[in-house]
Structures are given as C-alpha cells and as structure tokens.
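Reader: I am new to this structure. Please show me how to read its features, step by step.

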Amino acid sequence: MNRLGVNLAGLNLSNPTMLASGILGYSVETLESIVEGGAGAVVTKSIGLEPRDGYANPTVVQVSCGLINAIGLPNPGIEEFTSEIRAAKTALNVPLIVSVYGFSEEEYATVSKKAADAGADAVELNVSCPHVKETGSEIGQSLEILSKVVRKVKEVMEKPVFVKLSHNVTNLTDIAEVAAKSGADALTVINTVKAMAIDAETAMPILSNKRGGLSGPAIKPIAIRSVYDIYERVKTPIIGCGGIANWRDAVEFLLAGASAIQIGTAIALRGPNVFSAITRGMETYLKRKGVKSVKEIVGLSHRR
Ligand SMILES: Cc1cc2nc3c(=O)[nH]c(=O)nc-3n(C[C@H](O)[C@H](O)[C@H](O)COP(=O)(O)O)c2cc1C
C-alpha cells in the first residue's frame, strides 16, 4: 500500500514531494539525480520566450537562516529548451512541470503551449519572482493582470496550469482567489520573500542586483501561514513551498492545507537525498498516527 501517493490536479505522484523551480540547472542529468533522490515530481527553472543572461555575480548569498538570491531568470528561451523537455520526458518517470515566465499574457501563453507540446505534464506560472522588472511579482500582485494571464494560458492549455504566488503582497488570499477563479488547477505557495544583504566591510549591498529574495528556514513560518490562509479561502489544491528541510516541516505544510510540497534550498545544503529522507519520515509519521493515506492529513489543523 502506498500511503504517500497523491493525485495533484490530475497528475499522479508516488509521493507528495517536488523539486522547487530554479534550484538546480536545466540539464536532464540534474533532474534525474533529483528523481533518484526520491522526488515525486520535478519543476524546471523558469523559462521565457527569449533567451536571457540573468545578472552578474554575485547572485546568491548565504545568510544565517537561508539564502538570498537575485539570479535574474537566466534561461535559454523556450525554443532551445524544448529539446531538454523532450529528453527529460523520456528519461524521467515522474511528472515534469515546466516553470514559465513572461512579460505579457501572450508570452505566458505561447511559452506554456510550447512546453506542453514538447511533453511537459503541466506548467507552473511564475507570477512571483521578486527581482525582475515587469514580470514575476509585478504581474502576480495585480488582480486584473493575473486574471488575464491565467485565463489566456488556460485558453491554450489542455494540461494542468499551476500558479506560483508571492507573499510580497498585501492581499494574498484575494490574489489566490482570483487565480483559482481564473482557472488555476493548483497554487504553489510561496516564492521567495523580498530581502537584501549588506557587507559591513565594503559598506555595499552584496548581490549585484542589490535586492533579492529570501528562501530557506527563515521563510517557513511565513509560507505556512500563507498556505493556511489560502486553504480557508479556496478549494484549489495548494502546493506548499518555503523552508522545508525535513519530514516534520513537510507534515506541517500538509496539516496547514497543502496537498503536495516543494523543496528548494534544502537541496543546496543536503543534496538530492533530502527527498527520500523526507518521504521516509512522513511514512513513519503516518503509520504512527494510524493514517492510511497522506490525503487524510491535508488541512487537518483547520478542524475545530
Ligand atoms: C537560487 C534560487 C533560484 C530560484 N529560481 C526560481 C525560478 O527560476 N522560478 C521560480 O518560480 N522560483 C525560483 N526560486 C524560488 C524557489 O522555487 C522557492 O519558491 C523558494 O526558494 C522557497 O523554497 P525553499 O525555501 O525550499 O528554497 C529560486 C530559489 C532559489 C534559492
């Protein structure tokens, strides 16, 4: 019996853990190492219509309880990337989700369609990147623009469309509701949180872009609250993300209302086997609690 199996917006995952977008490169080999490490699904780095160089180094800085990054969405563009999607689809035996960003609703739709045609099982719309102008969170914080983007992508897609939200907004649950009403099949919650690091010696910001996004254990309580609040508002499945480093963190997200979880920064610190360590721990927890399916604990902390 597989207690950990989940159906996420029509995708069958052998366990609820997923690789979060952007933590590793694009290559099929790195995605394979994540699947061998035990992930139930993988999300690629965000891909746009045109190739993009991203920012100069330094793009990542380690702080006391996480990482701050401002990579700048470097990527080869969707035309070039379709061959990687085809190769990954053949090599991987788990759902492959392609993360997509754009500078207009048409761009999101074009890139999503090309990714799906090349074999992606779903797309995840990055409407929450905190450090690139005119995309990411600049789209995800406007109810009107977000709705247009999600509707446009849904028009051209038969496969599931996930929408990745940012906490860098004042009305997160309104935004989640708009994404859900516009047709999102799942909501990924959350992207990195706006942050910055300054070097006392040089008296300068450390990142070349100066401002970036914080990930890792520091943002876990913020992400848990975001999942909890959204679960109360919408019925759309939630994928929890932010600071998950061990099975207990993963379970907490499920109890808050997530149907699956994504892991990013913990891989940089613990390697791909963090997935199997987490799934083993979840399995033991479910057995100890006498729970037959992981689905039974989703949202359990909301009971009165
Ligand atoms: C180096 C780095 C690069 C990232 N690149 C992307 C990206 O391309 N697209 C995206 O949607 N999120 C990106 N993220 C955000 C992660 O997918 C995730 O939402 C965030 O890091 C919180 O999860 P974590 O604490 O487990 O890392 C990136 C995060 C890091 C640390």
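Author: Start with pairing: two strands pair if DSSP finds at least two bridges between them. Helices (H or I, at least four residues) and strands (E, at least two) are DSSP runs, numbered from the N terminus. Here, β7 and strand β8 (residues 122-126) are paired over four bridges, in the parallel sense. Val-100 faces Leu-125 in β8. Two notes on the source. Residue numbers start from 1 along each chain as its sequence is written. The model is predicted: local features need pLDDT of at least 70, side-chain atom pairs count only at pLDDT 80 or more, and totals for chains, interfaces and linings use all residues.

Reader: What holds paired strands together?

Author: Strands of a sheet pair through backbone hydrogen bonds, either parallel or antiparallel. Now apply that to the barrel. Eight strands form a closed barrel in the order β3-β4-β7-β8-β9-β10-β15-β16, and the pairing is parallel. Axes are lines fitted to C-alpha atoms, for helices over the stretch in contact, and angles run from 0 to 180 degrees between N-to-C directions.

Reader: How many bridges join β3 to strand β4?

Author: Two bridges link β3 to strand β4 (residues 41-43), and the strands run parallel. Met-18 sits opposite Ala-41 in β4. Go on to the next pair. β4 and β7 also have two bridges, in the parallel sense. There, Val-42 has Leu-96 in β7 as its bridge partner.

Reader: Which strands are joined to β16 by bridges?

Author: Strand β3 (residues 17-19) is joined to β16 by three bridges, running parallel. Leu-19 is opposite Ile-263 in β16. Strand β15 (residues 238-241) is joined to β16 by four bridges, again parallel. Ile-239 is opposite Ala-260 in β16. Between β15 and β16 the chain passes through helix α8 (residues 247-256), and this β-α-β crossover is right-handed.

Reader: What does right-handed mean for a crossover?

Author: Point the strands away from the viewer. The crossover is right-handed if the path from the first strand over the helix to the second then runs clockwise. Another case is the β-α-β unit of β7, helix α3 (residues 105-118) and β8, which is right-handed.

Reader: How do I read buried or exposed?

Author: Count C-beta atoms, placed from the backbone. A residue is buried if 20 or more others lie within 10 Å of its own, exposed if 12 or fewer, and partly exposed in between. In strand β16 (residues 258-263), six of the six residues are buried, so the strand is largely enclosed by the rest of the structure. Strand β7 (residues 96-100) is mostly covered, with five of its five residues buried. Leu-96, Val-98 and Val-100 point one way from β7, Ile-97 and Ser-99 point the other way, and all are buried.

Reader: Can we look at single residues?

Author: Take Leu-125, which lies in strand β8. Leu-125 has 28 C-beta neighbours inside 10 Å, so it counts as buried. Contact means that the C-beta atoms of two residues, placed from the backbone, lie within 7 Å. Beyond its neighbours within four places in sequence, Leu-125 has contacts that include Val-100, Tyr-108, Val-149 and Lys-164. Leu-125 and Lys-164 are 39 residues apart along the chain, yet their C-alpha atoms are separated by 5.9 Å.

Now take Gln-262, in strand β16. Gln-262 is buried, with 28 other C-beta atoms within 10 Å. Residues up to four places away in sequence aside, Gln-262 touches several others, among them Met-18, Leu-19, Val-43 and Ile-239.

Reader: How do helices α7 and α8 cross?

Author: The axes of helix α7 (residues 220-233) and α8 come within 8 Å and cross at roughly 25 degrees. Angles under 35 degrees count as roughly parallel, over 145 as roughly antiparallel, 65 to 115 as roughly perpendicular and the rest as oblique. α7 and α8 are therefore roughly parallel to each other. Among the residues that meet are Ile-224 and Tyr-228 in α7, and Glu-252 and Phe-253 in α8.

Reader: Where are the edges of the open sheet?

Author: The open sheet has four strands in the order β5-β6-β14-β11, with antiparallel pairing. β5 (60-63) and β11 (193-196) stand at the edges, each with a single partner strand, so one side of each has no neighbour in the sheet. β11 pairs with strand β14 (residues 211-215) over four bridges, in the antiparallel sense. Lys-194 stands across from Gly-213 in β14.
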